[in-house]
Amino acid sequence: MTTTIALVTGANRGIGLATARQFGARGWTVLVAARDAARGREAERVLRAEGADARFVPLDVTDEASVAAAAELVEREYGQLDVLVNNAGIVRADGSASPSETTLATLREVYETNVFGVVAVTNAFLPLLRKAPAARIVNVSSEVGSIAAMADPQGALSELTSVPYPSSKAALNMVTAMYAKELRDTAIKVNAANPGYCATDFNHHSGFRTAEEGAEVSVHLATLPADGPSGLLWGYQMDAGGGYGTLPW
Ligand SMILES: NC(=O)c1ccc[n+]([C@@H]2O[C@H](COP(=O)([O-])OP(=O)(O)OC[C@H]3O[C@@H](n4cnc5c(N)ncnc54)[C@H](OP(=O)(O)O)[C@@H]3O)[C@@H](O)[C@H]2O)c1
């Protein structure tokens, strides 16, 4: 197999679609994983019209049968996976309630996608990632998952106090660090990405960066050389005045 096979979850819009587009522009085969068939096929159509070798793969990260079926499809059709971007993520309208007002229902819902979904997808695809010569796993996290950044009283996030989304990304950061540790003697690299605050549906387009700029972070981590790092939270550095680099956990 000579072409790079990359799968992006939640690839039908936002940063995921922009990531798929940037992979397609590299000449890679990009598997556009989406939970909704109509939205997934439309993203596939748009990317193919732009010249990308894009293919919709049905995948709801919270549905174990869907995850297993997606992995079987990739196994059957491609035999391996070079790049997995765990991009799908959610935030909830009541997710900005104070910690003392947090509902378990919201907490569970956010964790199902942002944490359990990533573990389910990664474990289902790991046998295929191991078959690639030097696979890369990118977990799309956030600086709000950095306990150091969130606890800094002088930092840009000092006013943010919600539990569900930030703690889900903090958990995702630990998940990333543990996979990197398990896989440290292999050629596989596992890193968490901080896209920065990007204008997408996620935040009603209030972000000051574009989805394309956010996607650059995932693409960087998906294309790390053999001597590149593993087990980092890397991306946009708001407190450092912009630019890219490693963020504190
Ligand atoms: N935007 C930002 O400022 C920002 C900052 C830091 C981190 N992030 C992270 O970046 C990632 C992408 O965010 P975005 O801004 O591009 O958000 P978005 O525009 O809301 O897109 C989210 C994507 O995730 C998909 N998704 C949600 N639940 C899913 C599930 N159960 N199975 C499969 N796909 C699912 C959505 O599919 P549907 O279309 O079917 O809903 C959609 O494609 C997320 O992990 C987010 O936490 C975003």
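1. Helices (H or I, at least four residues) and strands (E, at least two) are DSSP runs, numbered from the N terminus. The model is predicted, so to speak of local features requires pLDDT of at least 70, and side-chain atom pairs count only at pLDDT 80 or more, while totals for chains, interfaces and linings use all residues. Residues are numbered from 1 along each chain as its sequence is written, and side-chain values use heavy atoms, leaving out hydrogens and water.

2. Overall fold. The protein chain contains seven helices and eight strands. Its radius of gyration, taken over C-alpha atoms, is 17 Å, close to the 18 Å that the globule rule gives for 249 residues, so the chain is as compact as a globular protein of that length. The globule rule is 2.2 Å times the number of residues to the power 0.38. Along the principal axes, the C-alpha trace spans about 50 × 40 × 30 Å.

3. Of the 249 residues in the protein chain, 51% are buried, where buried means under 20% relative accessible area, exposed over 50%, and partly exposed in between (1.4 Å probe, protein chains only). Contact means heavy atoms within 4.5 Å. Among contacts between residues at least 6 apart in sequence, 70% join residues at least 24 apart.

4. A nonpolar core is a set of buried Ala, Val, Leu, Ile, Met, Phe, Trp, Tyr and Cys residues joined through side-chain atoms within 4.5 Å. The largest one has 31 residues, and Leu-7, Val-74, Leu-81, Phe-125 and Leu-129 have the most contacts inside it. At least two residues of this core come from each of β1 (5–8), β2 (29–34), α3 (64–78), α4 (104–131) and α6 (164–182). Leaving aside residues up to four places away in sequence, Val-74 touches Leu-7, Leu-31, Gly-79, Gln-80, Leu-81, Phe-125 and Leu-128.

5. In soluble globular proteins, nonpolar side chains tend to be buried together.

6. His-204 counts as exposed, because its relative accessibility is 71%.
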